[in-house]
Amino acid sequence: MSDIRDKMESLISLCKRRGFIFQGSEIYGGLAGTWDYGPYGTALKNNIKALWWKRFVTDRDDMYGMDAAILMNPRTWEATGHASGFSDPLVECKKCHHRFRQDQLADPERCPDCGGSFGEVKQFNMMFKTQVGATEDAASISYLRPETAQGMFVNFKNLMDSRHPTLPFGMAQIGKAFRNEIAPRDFLFRSREFEQMEIEYFIDPKDWEKAFEHFRQEVHAFNGDIGLGRDHVHELEVPDADRAFYSKRTIDFEFDFPFGRKELYGLAYRTDYDLARHSEYSKVDLSYFDEAEKRRFVPHVIEPSFGVDRSLLAVLSTAYTEDEMGGEKRVFMKLAPSVAPVKAAVFPLLKNKPELVAKAREIYAMLKKALGAVEFDDNGNIGKRYRRQDEIGTPWCVTVDFDTVEKGAGVTVRDRDTGKQERVGEAELVARLSGTIS
Ligand code: GAP
């Protein structure tokens, strides 16, 4: 147990020390369930989102990107059932008044903080309520969306009318979602504000199994894109009793987080539930006419749903590595080059030699143009620079030394994982590094 806590604490402290992730509103004592991404965390997150968008949107010809509003007409949540049913069981200790999610307590009868007994179980709706506009009446209440999915369903007709797609096709969206979780926990794992990457893939119901299988495989392929090993991802076939009543099949993709095997993503066959309900509540026809078969029906949906922050936590926790190099302990982030926030760092061997600095600046400019995320560093000694880049997860450190400028002997390229260095000619450098990154 303490090993797990130690690993999580070391990871959280590295994330703060190096500018990946900070506690939300930290200078005011924080706000539970919120996290702020710093420069490297933002870059890592953007890389994950870009790889997802590439695989699921730009590389395909049957997917339509969306970016719907976070605030939606509250009728949306009546139609979906969130207004009445999106709740967790809440209990409050009669003695210390601490509140807990009842289904997460080891002993549902006793308060884990003081041993007191609980009052009755209440259903706590997890949607954040807010006021839209200047009047404060019931009609002005809206909610921060608890999932991005509904922004796509309510635009089904707009997409049909503007782009005229034929089945099967999908809508894809990346965006924030908000849930007033009773017990946010485990760093980014369960927070109150997070991001989702979701697809609503519309199909003829007879084709559901084929589409489900296709996305099951695509989920694994995406995990490969961001460097998550297949052996740490496990499929859980969600049993009938635990599935949403409208779902005919759901798989949870679980990941071996340091604190245990927990849900990373979900894949659900949502039938025609959402479109049918929105059609009923809005009185707008959301059916589809199959020209070839002259048949009208409400399309069914396969929904792969990915948490951005959980992907990031899975990536960070697998990457976090402690080893020994040159007789010294070191910590490094073994990030896949595809997601690493910095792809390469360029150093002059010595800071006070203008010819080395000038050459290093020239190489830096060349690499930055080709690879984008490249850093120049001449602070401290070379060992310190390596340690800093290792903790950020930079795959390659490029050093300009005297042989580079005096003999035209190329630069040294150091491999983050092994610490091994090799000389690479200036002319080959871009091809050598870019070949390993995408
Ligand atoms: N549209 C379906 C949907 O929202 P979900 O299983 O409730 O399904 C999908 O959420 C994904 O969103 C989860 O698998 C997880 O990756 C992420 N997620 C859900 N709640 C979260 C939270 N409180 N904090 C961080 N990520 C969360």
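What percentage of the 438 residues in the protein chain do buried residues make up? In this predicted model, the share of buried residues is 49%. The protein chain has 13 helices and 24 strands, and its C-alpha trace spans about 75 × 65 × 45 Å along the principal axes.

**The ligand and its contacts**

- The ligand sits in the largest pocket.
- The elements that each contribute two or more residues to the shell around the ligand are strand S11 (193–203), strand S14 (260–271) and strand S17 (300–307).
- Strand S14 gives the most to this shell, with 5 residues.
- There are 20 residues around the ligand, and those that come nearest are Glu 147, Glu 181, Glu 198, Glu 263 and Leu 264.
- Sorted by class, the shell holds 9 charged, 6 nonpolar and 5 polar residues.
- Glu 147 has a polar side-chain atom that lies 2.6 Å from a nitrogen atom of the ligand.
- For Glu 181, an N or O atom in the side chain is 2.8 Å from a nitrogen atom of the ligand.

**Tyr 265 in strand S14**

- Strand S14, which gives 5 residues to the shell around the ligand, also contains Tyr 265.
- Tyr 265 counts as buried because its relative accessibility is 1%, whereas the cut-off for a buried residue is under 20%.
- Tyr 265 and Gln 102 are 163 residues apart in sequence, and their C-alpha atoms are 23 Å apart in space.

**Helix H11 and its two ends**

- Helix H11 comprises residues 382–392.
- Its buried residues are Arg 385, Tyr 386, Gln 389, Asp 390, Glu 391 and Ile 392.
- At the start of H11, Asn 381 has a side-chain oxygen that reaches to within 3.1 Å of the backbone nitrogen of Gly 383.
- Just after H11, Gly 393 adopts a positive phi of about 95°.

Technical notes. Residues are numbered from 1 along each chain as its sequence is written. This is a predicted model: local features need pLDDT of at least 70, side-chain atom pairs count only at pLDDT 80 or more; totals for chains, interfaces and linings use all residues. Side-chain values use heavy atoms; hydrogens and water are left out. A residue is near a molecule or strand if one of its heavy atoms lies within 4 Å of it. A polar contact is a pair of N or O atoms within 3.5 Å; within protein, one must be able to donate a hydrogen and the other to accept it, and residues adjacent in sequence count only if both atoms are side-chain atoms. On a 1 Å grid over the protein atoms alone, a cavity is a set of points where a 1.4 Å probe fits but cannot get out, and a pocket is an open set with protein on both sides within 12 Å along at least five of seven lines; lining residues have an atom within 4 Å of a point. A molecule sits in a cavity or pocket if more than half of its atoms lie within 2 Å of its grid points. Helices (H or I, at least four residues) and strands (E, at least two) are DSSP runs, numbered from the N terminus. Ala, Val, Leu, Ile, Met, Phe, Trp, Tyr, Cys and Pro count as nonpolar, Asp, Glu, Lys and Arg as charged, and the others, Gly among them, as polar. Buried means under 20% relative accessible area, exposed over 50%, partly exposed in between (1.4 Å probe, protein chains only).
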